[in-house]
Amino acid sequence: MSARNQEQWTAKPKLQSGEWVDSKIYSDEEIFEEELEKIWKQMWIPVCHESELKNAYDFRTMTIAREPVIVVRGKDMKVRAFLNVCPHRGNMIERRPSGSFAKSTPSGTPKTMTCMFHAWQFDMKGKCVNITRKEEGYQDRLCESDVGLRELKSEVYFGGFIWVSLNDNINQTVEEFAAGALDSLAPSVNEEPLEVFHYHKAIIDCNYKLWHDTNCEFYHDYLHYHNRITGFNDEYFARKNTGFKGGHVNVGSFEVQYENYEGFHSREELSFPHLPANQWYMIDMFPGVNFNLRGSALRSDIMTPLGPNKVMIEFRGLGLASDSPKDRKIRIDHHNSIWGPFGRNLCEDLIAVTGQGATMQSGSESRQILHGRHENETIHDENGMRHYYEEWGRWVGRSPSHPDQPFVEPTETA
Amino acid sequence: MAVNGAEIAEKIKSLIYKTCLYQDDCEWNKWLDLCSNDYHYSIRAYSPEIQKDMEYMGGPKEYMESITGQLRKHNIDDSPLKRHAVVYRVDVADDNKSATAVTSLTVFQTLLGGNSSHVDAGTTGIFLVGRYNDKFVVDGDDVKFIEREVRLETRRLDKGTHWPI
């Protein structure tokens, strides 16, 4: 059989269940809304890095599953997260991406979060400290203690990343949530404070899971042919994909032969603490976070799903807070050459996934997306994606291969 | 041949516009031929998110020659980028041996394929906005770039590009 007709094209693949997914999971509006409710509003999500809020009264704003979030550093230097919503009339309290509450704003006094609309004020612990003309309007029916901000669960974990959950009842710490997936890099990122040196964002037309898939699978080495294939060796193909409880995956390291890539040179001059030169680890965290350490620079991708076929990806590059200017420049150059918005690989990855997004728009026909490569759980095995979608099925309650059917735990042999 | 500051300033304007045409046409070698051997190129932006000045790309002339020489080996978005530049200011040093210039820059992208070539091809949108902050070395009537900083306002860069701006 060569080219196929419609019946053949849409027929079940000659693979085991779990070795493909239905493209509907990337395009369906209803499934997307379920994902926001059942996954994104339930999980720990890293939202920024502590170096973005160095001083007391510093803040950062972001969203999780459309909900506006603000992270602030208190006078006690503790980081706390709140819904960025005024309890009065639902206005967004702070619109800037970052800044400091140490100074006054046009509607408010220093050291408070002030809603510009009616000047209700809150301290760094979320307590309401001022309702303007309270007695005149509310008499004794409402007071400050009734209208504090909604605090969100938050933790600083893994090299200073700030994790937030919208789920008040989340019964895991971030460490428990990670289930060991972050351990391989923990000594390197926890030895001393890190600092973000790079930030840019992409909003692209594809489902968030397609970007996560691309971070999970290395079979797309062929997309970066001249930056990858030329450096391949047996050690590369032996890299292991290891699944961890919760849908997380760790891609094992090897020593990258940068000098085999035209225009590159070895990065042995600079690494991370406890990390031998030129190593390359990758950690993919469920549901849409990636940590990628190539010797001298750490990259994080934090995804914010915006629709079934739209995702925002925030790209950060990190080094050590103690970097000398010379070392920082080396890290920046290494980071940018591959991962910058004008670098060699990132554009190619983004072009590829938007190509997938173009064929999987809402309303497009359901197709099978194959995740069936088995290579002893090494680098071109697609076990990372299979592991992810098993977890996805548990949370959403749908079979990834047959999303109109309930999820069933796979058998050992499946 | 002796030249005065006004003549140098005119040469510099012409040189900046020439780089735009060469880069629009992906004539990378012709672009870099306008630069001295000590040339340094960078793309930078300030991020209010992390409250830091950032470098997105940077290197000396030989690095730029190396990466532009390898473009054919990459899977590139071939959607043309066209620069709209207006030289706002040229300052020539009193000794006529150096100069600086500030150029307002908007880069438009016309999609070759986009997400769906059937729908998107031919669509033009703003790719980024920023400025060229340039420095020059002047030797008589010979003027060459010695430094270009592309200072971006845009930080949402979506798919980005392999091409220097």
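Visitor: What makes A:Val47 count as being in contact with residues beyond its neighbours within four places in sequence?

Guide: In this predicted model, contact requires C-beta atoms, placed from the backbone, to lie within 7 Å. Leaving aside neighbours within four places in sequence, A:Val47 is in contact with A:Met62, A:Ile64, A:Val69, A:Val71, A:Ile162 and A:Val164.

Visitor: Which residues have the most contacts inside the largest nonpolar core, and what makes this set a core?

Guide: They are A:Val47, A:Val69, A:Val71 and A:Val164, in a core of 132 residues. The set is called a nonpolar core because its members are buried residues of the listed kinds, Val among them, joined through C-beta atoms within 7 Å. Strand S12 of chain A, residues 194-204, gives the most to this core, with 6 residues.

Visitor: Why is this core said to lie between domain 1 and domain 2 of chain A?

Guide: Domain 1 (45-155) and domain 2 (179-396) both give residues to the core, so the core lies between them.

Visitor: How many residues of chain B are in contact with chain A, and which element of chain B gives the most?

Guide: In chain B, 28 residues are in contact with 31 residues of chain A. S2(B) gives the most to that side of chain B, with 5 residues. The residues of this side divide into 8 nonpolar, 11 polar and 9 charged.

Definitions and conventions: Residues numbered from 1 in each chain as written. Chains lettered and ligands numbered in written order. Predicted model: local features only at pLDDT ≥ 70, side-chain atom pairs only at ≥ 80, totals over all residues. Contact = placed C-beta atoms within 7 Å. Helix = DSSP H or I, 4+ residues; strand = E, 2+ residues; numbered from the N terminus. Nonpolar A, V, L, I, M, F, W, Y, C, P; charged D, E, K, R; others polar. Buried ≥ 20, exposed ≤ 12 C-beta atoms within 10 Å, placed from the backbone. Domains from an automatic or database assignment.
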